[in-house]
Each structure stands twice: as structure tokens, then as C-alpha cells.
Amino acid sequence: MAAIDTVSAPDRMTEKRFAARRTARIRRTAALFLLPAALLLALLVAYPLANVIYKSFNAASLVDPTRVGFIGLDNYRTILEDENFLPTLWNTFVWTALSVAGEYALGLASAVALAQPIKGRAFFRGVILIPWIIPIAIAGLNWIWLLNPDYGLINSWLVKSGLMQQPHDWLGAINTALLSVTFVNIWRSFPFYTISLLAALQAVPADLHEAAALDGAGPIRRFWVITLPHLKAVSLTLIFIHIVWTAINFDFIWVMTAGGPLNASETVPVMIYKYAMQDYDVGAASALAAMATGFVATVFFVHRYALARRKDS
Amino acid sequence: MVETPRTRTLRAVLTYAALVAFSVYCIFPFAWMVDTALKPTAEIMSKDPTFWISSPTLANFAAVLVDSPFLVYFSNSLIVATASTIVTLIVSIFAGYVLSSWGRLPLAQIVGGAMVISQTIPGVLLLVPLYTLMQKLGLLSTYSALILVYCTFMIPLVTFMLKGFFDGIPHELEEAAEIDGCSTLGYIWRILLPLSAPGILATCVFAFIAAWNEFMFGYVLMNDDTRRTLTPGIMIFKGTHQTDWGHLTAASVLAVVPVAIAFVYLQKFLVEGLTAGAVKG
């Protein structure tokens, strides 16, 4: 301390200048280090996003370079007047709601089972994670094989066990195509819930359970009043993220049914793809993507709001 | 806990029953895939399918490896996934270091915020502009197109995962290194990276699996058969009229092997990293 007191005025000046130079150097280094990430985000996220919104008000085609120019809301009108639009919205809703509900139920059940004092937790957790690490394209193709009406294992089981009279073409029939893909999507996605909910369950203090048990609360009551409230924050985030991830998932439906038969399993991402890559109508595809972006932004806004309200209360 | 031995036994039985049921549910499609791959065609096309194989064969694997473009797709996926992992890692190490050490700088906060927002934008909504952009840049059907896209979509998550590991390293180490005359690069290379090596390895595996498994951009951006990656490539085994399920399942098994090995090896890290990085409650 004494040494600092005896520092002369000019020395303090150089010290200050040194500190300022250090700050400037840190700023430069930071800018340099962040530059690659910022450039990639600007080129491949920010620019395309602006481009989607711009193109949604313009005529644009993948094959006809002469189709350009501002056309106002015509692209949006194309989408809204498409007779497939409302059924597609409904399909997207059914697919998302059933998927997320099923995934949450299975994820919670498996997480609660894994959180019990059991032997071989790592083994069971590893096995339950298997569907989640297999690429969607490969999982989808192999489920087509399992659901095959002629030689498929599932139909054979259902007929042999007497649950069904004869095999059913699950993916090829209008009334079961979307539900079948939803079933497969639940199979593939629920392990993510398991892992997240398990981590939250293991963070619940054990003495809370012990105290409640001493007060005479049974396991079911303890689950409702202790476990579930502790899972609220994680559940909220899980569900909101998956509403978005599921609603915009292209892979499963494209691989398994390509939106068919007769658009019976077509959802918004498949419709975007078909407008762009099959009709080459970039404008209409952009209008649909812009509307979907609005939906995604709304979901995230509601999620933030819900989280903020939870923190306040 | 106050529980009679009887209810405790009942609870254990129920728990194990549930876990076995979940395990069967998760594993039987995978088991059926391996099973079909090992069957001769006559047994695959059976009206009464069973897990029992009368005459197991490797013919499906041989056919896939020799008579199909499988190995081309496989090496394309390997190139794209490896390159994207390396580029993602390099870019994210620097970004993660800045966010961890100098997170209060306005610039760091802007880029960090942009990363959070970009994580919420689904790739499919940017599919069309990314396609036209790659078309304009002349990058369609090149490795660079996929590598660029995969990097951009992985950098935010990987950066935050790495920032988490870097945050765990005491700040005093950096000050000591600076006093001893160590440059920032020297500090990152000699101290930060070795100390967070296990976390970085796990992050690498995560990025690699994500790139290996990706389907949509590979399907749309790569139209040249010699550049096609594995996940879209495997769809050719599902013929338009008739599918050779033996070939398809054999190709599936081979495609899953690298992912499965990586996963078994680093399961614990992945589980922790995912819960810490992806879902912050």
C-alpha cells in the first residue's frame, strides 16, 4: 500500500495511459475474435431472414429470371387462397399438439422411473437415448419398413395378437398417415425430455420428500406438491422449444410420406418446400415462411413473458 | 423414508417393469433394422416375420458396400461433418473466450444476443434464401455450401457450451499468464484449451453427430450424386416402385455405426452438456 502512496504524479499518468491502452487492445482483440462468428451469422442468418421478408412482397422464381418486381400482398393472397392452406395448418396443429403431449407424457414417466433409487441407471438411460441419436432420415425409413402392410413386423404383431383382423397400410391411408408419423416422432423425440426432466428431478432436495413423508404425505401426493412444482421451469422451456421444433420439422414427414397420400399429412414446412422446389415460386414460399417466422417469434415472445411472470411471482 | 417393505418392493417392481418396457420400446426398431440386414431376401419377404434368422448372411452388407454408391455418400458425410466440426470449433473457441472473459463489452453482448436470437430461427424458414444464395455464389453441390450452413447453425450452441467450460476456469490464471507476459493467443492455446479439453472433446462429438445426422440441407443443397451426403443418399435405397429392405437396413446399420460408437464413448459428457447447454430452466 505504501508503495502506491509514494507513486509520483507522472507515474500515475503513465499508469492510466497504460490501462487505457490495455482496454483498447482488449476491444480490438475481442472484435477480431468475434468477427468470424458475426460474419457467418450475418451472411447465413440475418441476410436470408431479411431476404425472406423482402421476397414475400416480390415476384420471384427459381427458373424464370424475368419474374421480378414488387407485387404487394399477392404472394400472401396466393397462400391464403390455396385450398390446401387450411388443411395444412390443421395438420400442423394436430402433428405438433399430439407430438408434444405424447413426448412430454413419455418423457416424464421415464424420467420419474430413472430418478428412483435403482441399479443400472446409466444403462437404462443409454438405451432410452438410442432413438434420439439415430438420424431422422434413417429412423423414418426403418419405421416405413416396420409399418409395411405386406411384410412389416407391426402389422404381423397386431394381427397375431388379435387386435386387428388384417394388416393396415398405416402410412398409405388418408386417415392414419399423419397419426402414424406423429407416433414415430414421439418415439424419436421423447428421450430429450427424459434427460432434461431427469436432471431437474435429481435437483429436487431429498429432505423435502423426507419431511413430507414424515408428515404423512403418500408418494402420489408428494409427486403433486413437491416434484411437479420443481419441474415447472424446465417443462415450460421444453414444451415451448418443442412446439417450435415440431411445427417446423421437415425431415420426418418428408422422408415417411412426403406429405401424402393426397396431402393428408402435409404440414407447413412441407408446403414451403413444395412451393419453392416443385413450383419454383420463391415469392409464395417466402410469404409462407414469413408467416411461419411470425409464429415462431410469437411463441418465443410468449415463452419469455411466461418465464418473466414466473420470476415476478 | 417411511415406507413399509411391501410398498418398497412394489415400487421397485413397478419401476423396473416400466424401465424394461421403455427399453424395449426404444430398442426394438433398431434391433429389427439389424435383424433384417442379416437376413436373406427370402426371409425378409416373409408373411410371418420373426426375429429368428434361419440362415444369417452378410450378402446385404456386401451388396451395399460394393454395388452401390454407399461408400461415396459415406465419405462425403465424413468430409462435411469433420470439416464443419473443425471450423465450428475454431470459430466458437474465440467467440466463447470473448463471451466468457470479456462478456461485459458492448460488442460481446451484441454478438451474444444475436447468437441467442439466431438459435431460435428454424433452418427450414431460411431454406429458400439459402438455396438462392448458394446458387448465386456458385456453391450448390459443393462441400463448402453444407459446411458453411452447418457451421452457422451450430456455432451459437457450441459457443455457449464452450463458454460454460471456460467460465469454470479461475480468472486468476489469465491474470497470472498476462503478468508473466503471455499473449492472449498463448493463454488460449497453452492454458485455456488444455484445461477444458474433456469438455471440448464432448462438444466436438456433439457437433459431429449433428452434422452427420442432418438431412434437409443435404437433400436440398446437394444435387450432384457424387457430392451427396449419407442421410439424403440413403433414400435412394427406397426405390420408387420396390424397395430392397435388406439393402436399406444394411446401409442404415453402417450409417449409424460411427454415431453409435461416438455416443457410447461420450454418453456421460453429452448428457451433461445437453442438460447444461440446451435447456436452461
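The model is predicted, and local features need pLDDT of at least 70, side-chain atom pairs count only at pLDDT 80 or more, and totals for chains, interfaces and linings use all residues. Residues are numbered from 1 along each chain as its sequence is written, while chains are lettered from A and ligands numbered from 1 in the order in which they are written.

Helix α8 spans residues 177–202 of chain A and helix α10 residues 219–247 of chain A; helices (H or I, at least four residues) are DSSP runs numbered from the N terminus. Their axes come within 9 Å and cross at roughly 140°, where axes are lines fitted to C-alpha atoms over the stretch in contact and angles run from 0 to 180 degrees between N-to-C directions. Tyr193(A), Ser196(A), Leu197(A), Ala200(A) and Leu201(A) of α8(A) make the contact with Thr227(A), His230(A), Leu231(A), Val234(A) and Leu238(A) of α10(A). Two residues are in contact if their C-beta atoms, placed from the backbone, lie within 7 Å. By class, this contact has seven nonpolar, three polar and no charged residues; Ala, Val, Leu, Ile, Met, Phe, Trp, Tyr, Cys and Pro count as nonpolar, Asp, Glu, Lys and Arg as charged, and the others, Gly among them, as polar.

Between the chains, the axes of α5(A) (residues 121–133) and α1(B) (residues 5–37) come within 8 Å and cross at roughly 40°. These two helices are therefore oblique to each other (angles under 35 degrees count as roughly parallel, over 145 as roughly antiparallel, 65 to 115 as roughly perpendicular and the rest as oblique). The crossing of α5(A) and α1(B) is left-handed. The contact of α5(A) with α1(B) has 10 nonpolar, one polar and no charged residues. The contact between the chains takes 77 residues from chain B and 72 residues from chain A. Helix α1(B) supplies the largest share of the chain B side, 13 residues.

Ala210(B) is found in helix α10 (residues 197–213) of chain B. Ala210(B) counts as partly exposed because it has 18 C-beta neighbours inside 10 Å (buried means 20 or more other C-beta atoms within 10 Å, exposed 12 or fewer, and partly exposed in between). Ala210(B) and Tyr150(B) lie 60 residues apart in sequence and 8.5 Å apart in space, C-alpha to C-alpha.

Technical notes:
Left-handed = near helix turned anticlockwise from the far one by under 90°.
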